[in-house]
Amino acid sequence: VRGVVQGVGYRYTLRMVAEEAGIGGWVRNLRDGSVEAELEGSAAQLDDVLAWMAEGPPGARVDSASVSDATPTGARAFEVRATA
């Protein structure tokens, strides 16, 4: 996710949104100013969280987002990771 997405509570709010939706995975800041996340859940759960990610929390401005498939790891919890 690119835009104004660091320093606005994006990762911690995403964790709350993901936990409420029953999504597992993680989120982290990248050094280029973007945010990266891996999400695991049902198609409906993922659609809801991805829709939120396209908007972000108040104070954020999402300019673009890309989605790609990854091999599931079985994650059930959602964590905020350190910057990569």
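# Reading contacts, burial and helix packing

Biologist: Which residues does Gly 25 touch, not counting residues up to four places away in sequence?

Modeller: Gly 25 touches Glu 38, Ala 75, Ala 77, Phe 78 and Glu 79, once residues up to four places away in sequence are left out. Keep in mind that this is a predicted model.

Biologist: Where does Gly 25 lie, and is Gly 25 buried or exposed?

Modeller: Gly 25 belongs to strand β2, residues 24-29. Burial is read from relative accessible area, and under 20% means buried. Gly 25 has 6% relative accessibility, so it counts as buried.

Biologist: Now the helices. At what angle do the axes of α1 and α2 cross?

Modeller: Helix α1 (residues 10-21) and helix α2 (residues 43-55) have axes that come within 10 Å and cross at roughly 160°. Angles over 145 degrees count as roughly antiparallel. The two helices are therefore roughly antiparallel to each other. Their crossing is right-handed.

Biologist: Which residues make the contact of α1 with α2?

Modeller: From α1 they are Tyr 10, Thr 13, Leu 14, Val 17, Ala 18 and Ala 21, and from α2 they are Gln 45, Val 49, Trp 52 and Met 53. Sorted by class, the contact has 8 nonpolar and 2 polar residues, with no charged ones.

Biologist: Take Leu 14. Is Leu 14 buried or exposed, and what is Leu 14 in contact with?

Modeller: Leu 14, in helix α1, has a relative accessible area of 0% and is therefore buried. Neighbours within four places in sequence aside, its contacts are Val 27, Ala 37, Val 49, Trp 52, Met 53 and Phe 78. Leu 14 and Met 53 are 39 residues apart along the chain, and their C-alpha atoms are separated by 7.3 Å.

Biologist: How many aromatic pairs are there?

Modeller: A pair of aromatic rings is described by the distance of the centres and the angle of the planes. With centres required to lie within 6.5 Å, the count is 1 aromatic pair. The rings are those of Tyr 10 and Trp 52, with centres 5.2 Å apart and planes at 50°, so the pair is tilted. It links distant parts of the chain, with Tyr 10 in helix α1 and Trp 52 in helix α2, 42 residues apart.

Biologist: Are these two residues, Tyr 10 and Trp 52, buried or exposed?

Modeller: Tyr 10 has 1% relative accessibility, so it counts as buried. Trp 52 is buried too, because its relative accessible area is 18% and the cut-off is under 20%.

Notes
Residues numbered from 1 in each chain as written. Predicted model: local features only at pLDDT ≥ 70, side-chain atom pairs only at ≥ 80, totals over all residues. Heavy atoms only, no water. Axes fitted to C-alpha atoms, helices over the stretch in contact; angles between N-to-C directions. Helix = DSSP H or I, 4+ residues; strand = E, 2+ residues; numbered from the N terminus. Parallel < 35°, antiparallel > 145°, perpendicular 65-115°, else oblique. Left-handed = near helix turned anticlockwise from the far one by under 90°. Contact = heavy atoms within 4.5 Å. Nonpolar A, V, L, I, M, F, W, Y, C, P; charged D, E, K, R; others polar. Phe/Tyr/Trp six-rings, centres within 6.5 Å; stacked < 30°, edge-to-face > 60°. Buried < 20%, exposed > 50% of the residue type's maximum accessible area, 1.4 Å probe, protein only.
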